[in-house]
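Thank you all for coming.

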Amino acid sequence: MPYVPGFDNDIFLSYDSGDNGHGAVEEFVDVIKKHISDNLVNCFSPQEKISIYFDRERLASQTAVNWEEHLKAAASSSALLVPLLSPNYLSSTYCSKERVWFATQSHVGNGCPFAVAGWLPIGHNPVPKELERAERHPAGTSCLALMPPEGRVKSAQEFALKLRDALTTMRWAVSAVFLGLAAGRGLATRSRLRDELEKSGYRVVPEADYVYEDAGEVRAFLKAALLAIHFPGDGIDLDGLKAMEESLLSAGKTLLIQPFGSTLFEEEADVLAEIDTQLGAGGRFAGAAYTRLEGKTDDQVWDAVKREVRAARFQKNKSEYEVGIACEARDLVGAKAVAGLISQQGVRAQYPSFDTAASITQKLQALRTTIMQSQALLCYWAKAEGEGLKKRLEQDARCRYKAKAWYLTPPLDVPGKEKLSQTSEMVLQQKTADVDVELITLEPFLRELGWEPPK
């Protein structure tokens with residue numbers, strides 16, 4: 001289990017296999033893994049270690065496609081990237097790809113989650129731009145691979161403490177999960193969730209014995225929470241009901257859980273009915289991100305919370321999302337219509353600036369910009385042949401998008417479109433003219449971004 005919640009790996013070690021003479025890289029990784037784990041106080045059981053991904057040898061026996069997909073998935077789900085800088089590293093195509101895959105994550109743009117290890121001298125070779133702000137270890141011009149074994153171990157241990165500090169900072173920076181008051185059967189469910197969340201590395205607020213009397217303090221907790229969970233049922237008191245209502249105004253998302261076997265008291269039922277009413281258009285809670293679970297076992301509740309909290313870990317406010325509508329020039333009118341409808345839902349959308357491009361290369365660049373600079377991608381295909389769009393996607397779609405889908409309009413009997421419908425990709429279809437876009441067709445795609453349909 002990774003130390004920083006919300007990631008599959010704590011550290012992705014990026015290196016060129018040509019630098020692994022006599023297993024030097026394996027020895028280096030073993031040292032930093034052990035030293036980080038040994039110096040993380042009260043965070044791991046003796047059986048658990050920090051999660052470091054670096055094992056290329058295991059993947060080398062697989063096909064090239066699987067090898068690349070494994071590396072891509074690992075690099076794009078890691079908290080820190082640790083490149084071993086060397087001439088081989090700087091000339092490696094795969095090492096360059098790993099940096100690109102890692103950089104698709106939302107947290108990369110908000111800081112500098114790189115920790116560069118100087119492995120071998122690089123001379124006058126330029127350092128990749130994204131690594132320029134990263135702290136180098138060892139300081140100065142020393143290189144780990146050139147040190148005697150004892151010196152390399154000592155330097156690796158010093159580096160491990162720097163990595164430990166960076167991971168600790170990232171773990172603490174993860175927004176907290178708010179747990180509201182509970183009564184009766186809800187007390188056991190609430191206690192189970194607190195234990196599971198804290199064991200998974202999430203901060204839980206407020207403290208277990210907190211008294212919910214200061215409305216301003218409760219509001220501050222809710223505003224800072226990535227997810228707020230409340231437990232209506234068996235008679236939670238007035239402070240719990242007030243926190244539940246405040247959550248819909250202040251928290252990023254609210255999850256109401258009525259545990260299996262609990263009973264709603266009359267005032268709780270009245271509050272929930274009022275909430276349902278106020279979630280509608282023009283209501284006090286209109287637009288609030290909200291889910292309600294009823295009659296679930298504690299195991300089912302924990303499974304649902306795991307999904308919700310992981311999604312919320314990376315989810316931006318929907319107004320900050322930028323959806324790219326990728327299309328060919330012939331389909332620009334329809335793409336504009338789709339972008340307009342998405343924008344009406346409070347989600348920013350962009351499309352290629354074909355109508356202001358002066359040349360073919362400028363048009364291609366406009367499409368590339370849309371594909372590579374969007375956080376979510378909708379591939380619009382109507383009357384165009386589709387081959388140009390698919391080619392650009394093969395070359396440029398290297399991002400890990402929050403959501404990606406194909407939006408198909410008539411004619412739908414084109415062989416390429418029919419094949420898309422048989423794949424595992426998200427495919428949305430409308431049956432009318434390409435400018436006659438319907439919100440219901442877009443719903444599955446928008447829901448991936450955290451959008452909720454109006455009540």
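Let me begin with burial: a residue is called buried when its relative accessible area is under 20%, exposed when over 50%, and partly exposed in between, using a 1.4 Å probe and protein chains only. On that basis, 47% of the 455 residues of the chain count as buried. Please keep in mind that this is a predicted model, in which local features need a pLDDT of at least 70 and side-chain atom pairs count only at pLDDT 80 or more, while totals for chains, interfaces and linings use all residues. Residues are numbered from 1 along each chain as its sequence is written, and side-chain values use heavy atoms, with hydrogens and water left out.

The secondary structure comes to 16 helices and 15 strands, taken as DSSP runs (H or I of at least four residues for helices, E of at least two for strands) and numbered from the N terminus. If contact means heavy atoms within 4.5 Å, then 72% of the contacts with a separation of 6 or more are between residues 24 or more positions apart.

Now to the cores, where a nonpolar core is a set of buried Ala, Val, Leu, Ile, Met, Phe, Trp, Tyr and Cys residues joined through side-chain atoms within 4.5 Å. The largest has 37 residues, and among those with the most contacts inside it are Val323, Leu378 and Phe445. Elements giving two or more residues to this core include β11 (322-326), α12 (332-344) and α16 (439-447). A second, separate core of 31 residues includes Leu13, Ile50, Ala79 and Phe159.

What about the aromatic pairs, and how many are there? Rings of Phe, Tyr and Trp (its six-membered ring) pair if their centres lie within 6.5 Å, with planes under 30 degrees apart counted as stacked, over 60 as edge-to-face and the rest as tilted; by this rule there are 10 aromatic pairs. Phenylalanine 28 and phenylalanine 159 are stacked, at 6.3 Å centre to centre and 20 degrees between the planes. Phenylalanine 28 lies in helix α1 and phenylalanine 159 in helix α6 (residues 149-173), so this pair ties together parts that are 131 residues apart in sequence. Phenylalanine 28 is buried at 2% relative accessibility, and phenylalanine 159 is buried with a relative accessible area of 2%.

Phenylalanine 178 and tyrosine 212, by contrast, form an edge-to-face pair, 6.2 Å centre to centre with 85 degrees between the planes. Both phenylalanine 178 and tyrosine 212 are buried.
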